[in-house]
Amino acid sequence: MTRYSLDISDIEKKQIESCRSDLSWKELSFGAKLRVLIFEQVETLEEESNKMIDTNRAATMAEMYAKACPGGLYGPLNGAVIDIVDTAKMARYRMAEVFGIDPQDVPLESCIKVATEALLRAQQDLES
């Protein structure tokens with residue numbers, strides 16, 4: 001195991017010691033407290049990164065769906081609205097599947113934003 005030096009002179013020890021109030025925290029050594037905080041931060045960053053990757057995957061799938069929509073991109077406004085709704089629904093279910101949550105817990109606003117952006121990108125790709 002590699003050991004690293006860490007300069008925390010700009011942080012007061014009291015801040016670390018008092019950032020939690022549970023009994024197990026009080027029993028940990030100062031070094032162990034630092035390790036716990038670092039591990040938690042790394043885990044949080046990894047989760048955020050995975051969520052971003054999963055959101056990008058959902059957006060890519062929505063874009064692929066948008067490109068496959070027959071006639072909606074150049075069709076009447078009604079067709080475009082139907083495409084946005086269908087793409088948003090698909091994005092919602094894909095995000096729910098990726099995050100392991102109920103589709104109703106995925107914010108519809110996010111899905112509509114993803115769908116609209118995907119349809120616009122698909123339209124730009126068709127025009128290019």
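Tutor: Accessible areas here come from the Shrake-Rupley method with a 1.4 Å probe, and for residues only the protein chains shown count as cover. On that basis the chain exposes about 9,400 Å², of which carbon and sulfur atoms supply 56%. This is a predicted model, in which local features need pLDDT of at least 70 and side-chain atom pairs count only at pLDDT 80 or more, whereas totals for chains, interfaces and linings use all residues. Residues are numbered from 1 along each chain as its sequence is written, and side-chain values use heavy atoms, with hydrogens and water left out.

Of its 128 residues, 24% are buried (under 20% relative accessible area with a 1.4 Å probe and protein chains only, exposed being over 50% and partly exposed in between).

The search of the whole structure finds 2 salt bridges (a side-chain nitrogen of Lys or Arg within 4 Å of a carboxyl oxygen of Asp or Glu). Side chains of opposite charge can pair when their charged atoms come close. In one of the bridges, the side chains of Lys33 and Glu17 meet at 2.2 Å, N to O. Lys33 lies in helix α3 (residues 30–68) and Glu17 in helix α1, so this pair ties together parts that are 16 residues apart in sequence. The two partners can be set side by side: Lys33 is buried at 2% relative accessibility, while Glu17 is partly exposed at 29%.

Another bridge joins Arg20 to Glu40, whose closest N and O atoms are 2.2 Å apart. Here Arg20 sits in the loop between α1 and α2 (23–27) and Glu40 in helix α3, 20 residues apart, and the pair links distant parts of the chain. Arg20 is partly exposed, with a relative accessible area of 28%, and Glu40 is partly exposed as well, at 34%.

The surroundings also include surface patches, made of residues with over 30% relative accessible area and no salt bridge, in which like charges are joined within 9 Å and nonpolar side chains (Val, Leu, Ile, Met, Phe, Trp, Tyr) within 5 Å. Glu43, Glu46, Glu47 and Glu48 form a negative one; Asp and Glu count as negative, Lys and Arg as positive, and His and the chain ends are not counted, with each charge placed at NZ of Lys, CZ of Arg, CG of Asp or CD of Glu. Glu48, placed in helix α3, is partly exposed with a relative accessible area of 47%. A nonpolar patch is formed by Leu6, Ile38 and Val42, with about 270 Å² of accessible area together. Leu6, found in the segment before α1 (13–17), is exposed at a relative accessible area of 55%.

Methods
Helix = DSSP H or I, 4+ residues; strand = E, 2+ residues; numbered from the N terminus.
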